[in-house]
Amino acid sequence: MNPEIAERLARAPVRYLAVPASALLPAAGLYLAGRFGPGSGEAALWAEAWGLGLALGAVVVFEQRRRLSIRRLAPAARELEERVRDADVALRAEIAGRAADAREAERHRERMRQQERRLVDAQRVARIGSWEWNVIDGSVTWSDETYRLFGLSPGEIEPSLDRYMEFVHPDDQGLVRRTIQHTLETGEPFRYDQHIVRADGVERIMFSTGALVRDAAGRPLLMSGTTQDVTHLRVTDDARRRTEARFRSFVEATNEWIWTSDLHGVATYSNPALRSLLGYDPGELVGHPWKEILHPDDAVEVMEGIRQLAAAKEGWSGWVHRWRHKDGSYRFLESNAVPMHGHGGEIVGYCGASRDVTARREAEDALRLSDERFHLAARATHDVLWDWDLASQAMWVNEGFGALLGAGHAARPRDQWGEWIHPDEASAVTGSLQAFLASDEETWQADYRLRRLDGSWLWILERGLVIRCQDGSPRRMLGSMMDITDRKESEGMKSEFVAMVSHQLRTPLSGMSWMLELAAEVDGMPADAARYIQAARDSGQRLVLLVNDLLDITRLESGRTGAMPQPVLLADLTRSVIDELRMPAADRRQDLGMMASAVPPVLADMQLIRQAITNLLSNAIKYTPAGGRITVALQEAGGMVRWSVQDDGIGIPRRAMGHLFEKFYRAENAAGLEAEGTGLGLHLVRLIIEDAGGRVWCESEEGRGSMFAFSLPAVYITGKVAS
Amino acid sequence: MTNAGRVLLVEDDKFLRRACEASLRQRGFEVIAATDGDEGLRLARLLPPPDVVLLDLLMPRVPGIEVLRALKAEPDTAGIPVLILSNSSRDEDRRLAAELGATGYYVKATLSLKDLASQVARLVEGYGTAG
């Protein structure tokens, strides 16, 4: 290009932009026809688009719409630029040539002014600004719309490259400078996004394009381009990209197996969850039909199902089938799927999600099995089982109910059994059940007589388990009833038997004791005879104690102690027992003493506790050699009072330890001694202590003495500790 | 030996009765003995009334507890202290005896004759001029 023309052009940039809009049309048409072939639809489309683009003075806007690469368009743009310039030159020559014809010239000027107005309007409508930078003198021209895009009124400032750079966000200034520099050096057109801060302080994203005009020697003359506010577009794009990324990472991360398949059941996509579910990598499955890893019995059903559903344009849910894991085992997978549609609305495949329900299936199977077992057991047992739903008052009973009570007994809700229960127990049982239901307890128990249909009475032991709502109210109660008539009768017989036997034993024993007592009082009794009489009295006394122990045990075991709990000070009680036992201890030269710290009283029956302490101390005296030491200690810990007696006697063999508190048990090393014992003493101690809510235990090593201890709940009276 | 008091002993077991009688007589008490509840009631109503009644519970025909009830129901005998001598250590027996007004309850097998005599002596003294 002639440098003079180029220079002239550079001085008149606005006109330059305005004028070629119409002049370019034939050039663009020519170019496009050459490129795509005349008359081709593509070329026509391009031509139309070019026309629009040129009318707007924004070639590259069009580029963006068609997503044509800048590289592909660059030669076209350059060619166009050249043609623009040529056309301009030709136009000016024509104008000059016809200068004489003033009206013609005026018509041209009017046309140019119209074109200019149209361009301004078009830019305003499209919100695309144009600009031009005279590289040689540095002057910059902005179109009115460019001013507006930068938050300015048209002409408000004198534009320059520096003023423009002031608008560019600091983060993007480097990018802008590099891009411009690159274009100046290479002549390549540019396009970039940059953040700007508008004059009104608002931050926007601008999309700018530009191209360089050079002279024939290749020196840069002019750079011109467009700018456009794309904030909304970019923000929407970003949001869409983020949504997509989020969705993708969700699909990749979820434990559900997400897949797509075509209509023939061939996998087209699988997320990585397949690996944890069935052991395959997604790549191993994609492209293969499902039936390769479906259980053969299920494959046919699945394929046929897909075929039918596809025809009906439906998806599915809750399908459970067996899939073969890579390790050869089968897993139950439950799957849901929706159809995927092609552009024409036809179904092209399915998109679905599957999860492993093997554990659930197994649990269901186990439950079914356990249910069957329960029903078998419920039928087989002689006990009655019942299940009472308190909300609906529905009552289920097993077959044992009719068998036990008589076939005519219809099951009623459990709280309506009052009239079946013996009058002696009815109110107590009903009251106890009501109190239980109102409490937060879980289990309940009662024994009572129940009337059979034939009028006879059965002793019943009934146990219940309640299931409560979150607020603690009873929702459901399950119970069992056992016929304990035989047990009750034998208990009664045993109790009577023991009472009778003890009476029958005690009467002759009393006679013997009293006669021997009288005999011992006879004056002038020979010494030998007196000794024999005393020995007989001692034996009689032992027999009396044995009978007493037996009676106490029977009473404690039957739970009919008649115990009268009261606060008992163990220290005082122990001192009193020690006083009683001082004689036998002194006989064996034993040191019998007590170390007691101040402890609170315990709640127990005085007589029974006295008996327990007597038994423990008597044992210590009996099984500790002459000259030994026996020490009682009292301590308080954790709301309990701990009583213990330590001796340095013969100790207890390890294997005997677990049996010490059993009835009639005597350790072998105790039985070998002369010491008399019945095997009832420790058993009685255990019954007494446990009856009072305590615990008894023993620590011992054979040959090193023993420690027997019990603990009972402490009683705190007005916060004071009694000594 | 002075008369320490008049004791009515109601006991069906002859060895116990003999031993008890012997022991109390040795200690100066006058003892009248009955072998069952009927006889016991009859003797209790004789004059002068006994200072103390020693009463067994488990006896043929009229049980001791009925004798006690009858004694306490009659004004002439209601004031006589009654000691129950039983071999039953059942709590219900103890409770019933106490409710009916028995002064004491002893299990014979664990009671020495010496202790029994001193209990009787205390009651006789406490009963005042009856003897």
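Reader: How many salt bridges are counted between chain B and chain A?
Author: First, a word on ground rules: this is a predicted model, where local features need pLDDT of at least 70, side-chain atom pairs count only at pLDDT 80 or more, and totals for chains, interfaces and linings use all residues. Residues are numbered from 1 along each chain as its sequence is written, chains are lettered from A and ligands numbered from 1 in the order in which they are written, and side-chain values use heavy atoms, with hydrogens and water left out. A salt bridge here is a side-chain nitrogen of Lys or Arg within 4 Å of a carboxyl oxygen of Asp or Glu. Between chain B and chain A, that gives a count of 1.

Reader: Which residue of chain A forms a salt bridge with Arg27(B)?
Author: Look for the closest N and O atoms of the pair, which sit 3.3 Å apart. The partner of Arg27(B) is Glu521(A).

Reader: Which element gives the largest share of the side of chain B that touches chain A?
Author: Helices (H or I, at least four residues) and strands (E, at least two) are DSSP runs, numbered from the N terminus. On chain B, the elements giving two or more residues to that side are helix H1 (14–26) and helix H6 (113–127). The largest share, 8 residues, comes from H1(B).

Reader: What area is buried between chain B and chain A?
Author: Contact means heavy atoms within 4.5 Å, and 23 residues from chain B meet 16 residues from chain A. Buried area is the accessible area (1.4 Å probe) that two parts lose on being put together, summed over both. Carbon and sulfur atoms give 61% of the area, and the total is about 1800 Å².

Reader: Which strands stand at the edges of the open sheet of chain A?
Author: The sheet has 5 strands with antiparallel pairing, in the order S12-S11-S15-S14-S13; two strands pair if DSSP finds at least two bridges between them. An edge strand has a single partner strand, so one side of it is left without a neighbour in the sheet. Here the edge strands are S12 (394–397) and S13 (443–451).

Reader: What angle does the direction of helix H17 of chain A make with that of S13(A)?
Author: H17 (residues 423–438) packs on the sheet, touching S11 (384–389), S13, S14 and S15 (474–483) of chain A. Axes are lines fitted to C-alpha atoms, for helices over the stretch in contact, and angles run from 0 to 180 degrees between N-to-C directions. For H17 and S13(A), the value is about 155°.
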